Amino acid sequence: SVPTSLIFTSAMCSDLIDSFLRPTVFSVLYYFISLPRMSFGNFYTVILGVALSCSGLGYLIAVVFPENLAVIGGIIIAFVFGGILNGFAPFLTDLPSPWLAFPSYARWGIEALTLKEFERYDNWQTTTMMLKIGYSYEHWSWALMFLYISAFVLRVAAFPFFRKKTLC
């Protein structure tokens with residue numbers, strides 16, 4: 001019999017191809033259609049981080065929820081983190097606590113893209129809007145760190161649940 005750690009690791013490694021290919025195709029197409037002012041490298045770094053963080057969350061949801069509830073659980077969690085607690089609508093400053101949006105991959109992805117795009121604009125309107133939203137240029141590195149660290153942590157957190165599910 002094959003150890004569960006080997007099965008889990010091989011599944012993660014085989015999915016890495018897909019985890020890099022899809023954001024690459026999306027980034028190449030979207031970047032050259034929308035032509036943002038940020039560099040392609042910055043754009044791709046954020047998009048890849050969001051994709052890896054989302055797939056890590058997907059792995060965790062798939063092993064934590066029972067099979068018959070995993071899809072609906074994933075939809076609800078993706079809606080809450082991606083649609084409601086994204087830090088842009090409602091603004092971070094409008095939330096009772098900015099910690100509500102802290103675990104949201106969408107919050108950090110949107111903030112990182114916005115920061116790199118807004119730093120190319122040098123006017124009072126951009127600065128005012130950034131203050132209103134609650135963004136700060138110093139958060140760029142924090143946003144990237146959150147996306148990539150959460151991708152790793154979510155995968156590590158999924159392993160014990162995967163092991164428990166395969167042994168039962």
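This is a short chat about a predicted model.

Reader: Ground rules first. What do the numbering and the cut-offs rest on?
Author: Residues count from 1 along each chain as its sequence is written, and side-chain values use heavy atoms, with hydrogens and water left out. The model is predicted, so to speak of local features takes pLDDT of at least 70, side-chain atom pairs count only at pLDDT 80 or more, and totals for chains, interfaces and linings use all residues.

Reader: Where is S150?
Author: In helix α6, residues 140-167. Helices are DSSP runs of H or I, at least four residues, numbered from the N terminus.

Reader: Buried or exposed?
Author: S150 is buried, at 9% relative accessible area. Buried means under 20%, exposed over 50%, partly exposed in between, with a 1.4 Å probe and protein chains only.

Reader: What does S150 touch?
Author: S53 and M145, leaving out residues up to four places away in sequence. Contact means heavy atoms within 4.5 Å.

Reader: New topic. How many aromatic pairs are there?
Author: The structure has 13. One of them is F26 with Y30, stacked, 5.4 Å centre to centre and 10° between the planes. Rings of Phe, Tyr and Trp (its six-membered ring) pair with centres within 6.5 Å; planes under 30 degrees apart are stacked, over 60 edge-to-face, the rest tilted.

Reader: Where do F26 and Y30 lie?
Author: Both are in helix α1, residues 4-34, four residues apart, about one turn of the helix. F26 is partly exposed at 41%. Y30 is partly exposed at 41%.

Reader: And which cluster do ring pairs make?
Author: They link F26, Y30, Y31, F32, F40, F43 and Y44.

Methods: Helix = DSSP H or I, 4+ residues; strand = E, 2+ residues; numbered from the N terminus.
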